[in-house]
Amino acid sequence: MSTLKTLETVREAVRLRPEEVAQARKRGEKVVGYFCLYTPEEIIDALGLIPLRICRGGNEQWMEVGGQYTSTKNCAYIREMVGMFIDSKDKDPLLANSDIIALTTADLEMGRVAEVIHYYCKIDPAVLGVPRSLEDPSGRDYFRGAVKDFAADLERRSGRKLEPRRLQESVELYRAIRRCLLELYEFQAAERPPISWREVFEVTEAGFYLDRRRYLDLLRKLLEEVRVQAPLAKRDERARVLLCGSIIAPGDTRLLDIIEEMGGRVVADDLCTSRRFYQELEVKEPTLEGIAEGYMDRLPSAHLVCLRPFDEDRRFVNMVNLARNYRAEGMIYHTLRFCDAFSFKTQPIRRFVREKLGSFPFLNIHTEYSSSDVEAVRTRVESFLNIMTSASEERQELAEATRR
Amino acid sequence: MSIFAGVDTGSVATKAVILSDGQILAHSIIPTVVSSEKSGLRALEQALAQAGLKRDDLVYILATGYGRISASYAQGTLTEIGCHAKGVHFVNPEVHTVIDMGGQDCKVIKIGEWGEVDDFVMNDKCAAGTGRFFEVLAKAFDVTLDDLGPMSLNAEKRVTISSTCTVFAESEVISLMARGEVPENIINGIHFSLARRTTGLVNRIGLAKKVAMAGGVAKNPGMRALLQELLEAELTPLTIDPQLAGALGAALFAKERASARERKAALAAH
Amino acid sequence: MLKDVTMEVRDGLFYFPKELKGPFLERGGLTFWDGREVSAEEIWQFINEEAPQLFPYFFTSDLSATYRLPYHTELLSSLKSYYLTLTRRQRTEAMKREGWALALVNGGPPMDLYYGARAIPMRPGPMADLIMNYAAEKKKLQDHAAILEGFYDDGASRTAADVCRLMRTHSGIRRRVVPVDILAPYTAMRCSDMSYLVEWQRADRPDLPKTLVDFPWDHDPAKPYTGKFVAQNLRDAVKRIDQLTGRQTTDEDLKRAIRWMNRVRKAGRKLLELWWSAPQAPTCSKLVFDWGHNAHDALCDPVAMAQVFEETYEELRERVEHGIKSVEVSEHAARFWVCGSCVAPSCFAVDARGGALLARDDRWSSMLMDVDEEGDPYENITRSLQSSPYEQIAEKRALWVVEESRKARANGILFAYHWGCNYQGAISRVMCDVAKDAGVPSMNLEQDDLGRATSPEQSMNRVSAFVEMLGGVPPQA
């Protein structure tokens, strides 16, 4: 754990944020609560609306309630989202402060959430249509139209108009935020990390909530602090884990805790609530068209379908690149129960990663938000980390032997 | 005097009720053995012996519960859903929502004005939240089934437990014990999670003014207390053993079936 | 007119009694898409001599089996349906030799596109049948169940334990048992399991061309760019099929398929509406359900299918006019409209417990999706696709179901979904609750028993309770 002062400031800001948002609403500001990383935040911000990414995880009670309103054969996260909307006793403060709910159909089950909350909660969400492929020309045409529609829908709902000047400003703001996050990410992976992956993860999450201009300031301060501390940081010798797979949403700390408790250290990830939130997302033109292009070209979500060979599947290639660039010693592939987009790819990914990286340790954790398999997950992670360490020692010995 | 019998062969227990003139003459509750036909017959014979009657004295036997399919001794069969509604309505007509926690299924039944089933909803098809689940639980703690409820009531705090699966329940209990959690608290946590699931089922069809529990789990005071807490409603105590509601309903249907048969025969004779 | 004739039983297998032969032969044979003909004599011989030996699971006299013939023959034309069902494999192989491609597709949307492009559409359900035809030929009933289960296990263990049971039939492609040439299903709203499984086939079947006909879903299919998108996807799919078959599909090819499929859909609709109109169930539920499936994929040959349907209609009309009731269905049956995903409880078990199945909403929906015959066929299919009542948002679909189920004089709605079906499971409660709001009793039923030889008691117990609640009574034994 580092002693970064700015981190404390970020935590405090996150703690105060719900009240701050409530106050802003009293002044007449409007809030858009959204979930998916295909939601173009630039548009929300440019309309002067407050974007909040309100996805949640790890809440067993919500998952159970949601299962009653959908089925227990829906993705654990999806069930929790439905439960969050329906459970009125234990209302999420950020959700309670959302004037507009925005969903996308990148994950088709999220589209079903739109239907369920429409019937049971009388919520009429703004839905952004996402085709199965953003690589096919026809899918790209469709998404361009959908983004324009989404913007028009938000204009209609908020009674505001998009102005080119504001759009430009927003595009620049998010570009700066993403650059800061990418830079921060490099520090956590160092041999002597001045900041941990878990802390960067937390800072990324803070960006779901905080006022984005304030957030950029905080990110810059944090980076300064991290740069100063970097030379003084201690060596971290824990096993280096690449963590990929299903969403790990705010509140879902179980697996992350277990990895740390068992002596592992995440150094890279492809989570949509972490690195993938800002990785390879570059809006070049400050127009709706430009925003659509940027979001289409981002590292594709597992929810989309790629029918090209694995070598041309950016998601697969990305995992291997992450493992190489961040010198991971093994990969944990986390899948939520009934999260088919990820779980169906488990075996092909295992095969692909091994093909590219040799005998790379790979562990699949298939789980949901329940306490009943904590011990089972712990045992698996523990023995996996043991394998990882011995495998990497072996590699070192081998390397030394060949040098000799 | 016409005598009727209802036999309810559940996956955990088999129940029989002998009925005459609107009165329960005798009843029996025995554990279900592998052959559900044998269980049904045994429960029936036991109840008959208690009443000092023979099989031949019965006008009509109606079988319900999972074992009804193989009840060759019965003249008719119906599902336990209808029978529970019927039985509960007979003894407590003011009750219009019944929660039946049986051995294999948990169901919530909405009873109409005349004791008919208005709507019903059942659990996911797994054993969590059912009698079987409590059996597994009792075994894990090495206590009897009857101990569970009182132990739950004696908890100092509630341990959060999901226990969405009976298979995992045992291992979850073991790991909680390993962490030094006291049995009472764990048991309370499990009761709470089951009560929460059941409350979810109740919400699906709506809660009537008077609600009651039937089935074996209805005898568990810990479960009753938590359900009352979560439903924010009193559970009406049934005027019979709640485990007998299904068999009683079956006996009542036996009587209706017998009179329908007579009417038909009379018509045919004309 | 045919009186309900019970099957002959020899060595545990059903055979059609000889007395049926004469009347059957009088009705003549069938003409296929390519003009080839099969005589009634040939059909009779196949169905009564070859087929029972090849497919004992289908001819089994074990009444607890799910994939079997009804115990009573109610319509002579049903023999022709069985003929088309059971010759699926040999006809597919013959068509492949003539340059057709076997395409894996998904249920629901119009199949016109595939027939027009000379691709034989194969849904996951018939996939399971085909797996059986290849892997379980000449195998006994118990082996049949074990073999199918083996494929389901393979399908799940290679993907995830969470995969929908029906979709596990992808194992038949993976294991190269069914000679599929292309994976080209419609997707998006339909079924995410299908999309991810096509993606997954990259691992073991990189050789197979793969394409998805995307039908995006954003609550407003009327947006102009949506239609353009779908039409382009249709064109792309046909191009992929053309690359495979080496011929160029013309608009005329598609229009011919559309005309025949419209005829099949229309005949299917007429059949169901006639059945519903009868005061008492004129046939067992199995036939009604078969019509639903057959009207949708036309059993590899819309031309032959249309003939069978039209013939069936005449026979059914006679039965209805004479007020003949199926002996397998109760006089006091609870009439169920089924909704949900590609699944229904066993028709035989439902009949035996005092129910009757009227239709399933996805099949009825596809029967209503006629395609315009004039103009651009791609745009016409697009419009048909966008009109699909089944694919509307849950509340709208539920209200449509309520309306249609009233036409069929349903007593209740049974929303059945497969274990592992995220797409239908998610809205199972919304659908049921909307129906209840509209005054129609409903129940949802998660089914995990696909492919098992007998119907599991836990599912059927719920169906029985629902029958009782609706006042239904099992048929007199």
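Guide: A term comes before the tour. Patches here are made of residues with over 30% relative accessible area and no salt bridge, and nonpolar side chains are joined within 5 Å. Keep in mind that this is a predicted model.

Visitor: How much accessible area do Val9(C), Leu63(C) and Tyr71(C) have together?
Guide: These three residues form a nonpolar patch on the surface of the model. One of them, Leu63(C), lies in the loop between helix H3 (56-59) and strand S6 (72-73) of chain C. The accessible area of the three together is about 260 Å².

Visitor: Why does Leu63(C) count as partly exposed?
Guide: Partly exposed is the class between buried, under 20% relative accessible area, and exposed, over 50%. Leu63(C) falls in that class because its relative accessibility is 48%.

Visitor: Now the interface. How much area do chain C and chain A bury between them?
Guide: The contact takes 53 residues from chain C and 54 residues from chain A. In chain C, Tyr196(C), Arg202(C) and Trp217(C) lose the most area to chain A, together 18% of what that side buries. Carbon and sulfur atoms hold 57% of the buried area. The total is about 4400 Å².

Visitor: Which helix gives the largest share of the side of chain C that touches chain A?
Guide: The rule finds 7 salt bridges across this interface. Glu199(C) and Arg315(A) meet in a salt bridge, at 2.6 Å from N to O. Several helices of chain C each supply at least two residues, including helix H10 (192-204) and helix H11 (224-245). The largest share, 11 residues, comes from H10(C).

Visitor: What about helix H3 (residues 60-69) of chain A: how many of its residues are buried?
Guide: What covers its buried residues includes helix H4 (76-86) and helix H6 (108-121) of chain A, helix H6 (183-205) of chain B and helix H20 (428-437) of chain C. Among the buried residues are Trp62(A), Met63(A) and Tyr69(A). The helix is largely enclosed by the rest of the structure, because the buried count is 9 of the 10 residues.

Visitor: Last stop, Ala408(C). Is Ala408(C) buried or exposed?
Guide: Its place is in the loop between H18 and strand S12 (412-418) of chain C. Not counting residues up to four places away in sequence, Ala408(C) touches Trp276(C), Arg335(C), Trp337(C) and Leu358(C). The relative accessible area of Ala408(C) is 0%, so the residue is buried.

Notes
Residues are numbered from 1 along each chain as its sequence is written. Chains are lettered from A and ligands numbered from 1 in the order in which they are written. This is a predicted model: local features need pLDDT of at least 70, side-chain atom pairs count only at pLDDT 80 or more; totals for chains, interfaces and linings use all residues. Side-chain values use heavy atoms; hydrogens and water are left out. Patches are made of residues with over 30% relative accessible area and no salt bridge: like charges are joined within 9 Å, nonpolar side chains (Val, Leu, Ile, Met, Phe, Trp, Tyr) within 5 Å. Accessible areas come from the Shrake-Rupley method with a 1.4 Å probe; for residues, only the protein chains shown count as cover. A salt bridge is a side-chain nitrogen of Lys or Arg within 4 Å of a carboxyl oxygen of Asp or Glu. Helices (H or I, at least four residues) and strands (E, at least two) are DSSP runs, numbered from the N terminus. Buried means under 20% relative accessible area, exposed over 50%, partly exposed in between (1.4 Å probe, protein chains only). Contact means heavy atoms within 4.5 Å. Buried area is the accessible area (1.4 Å probe) that two parts lose on being put together, summed over both.
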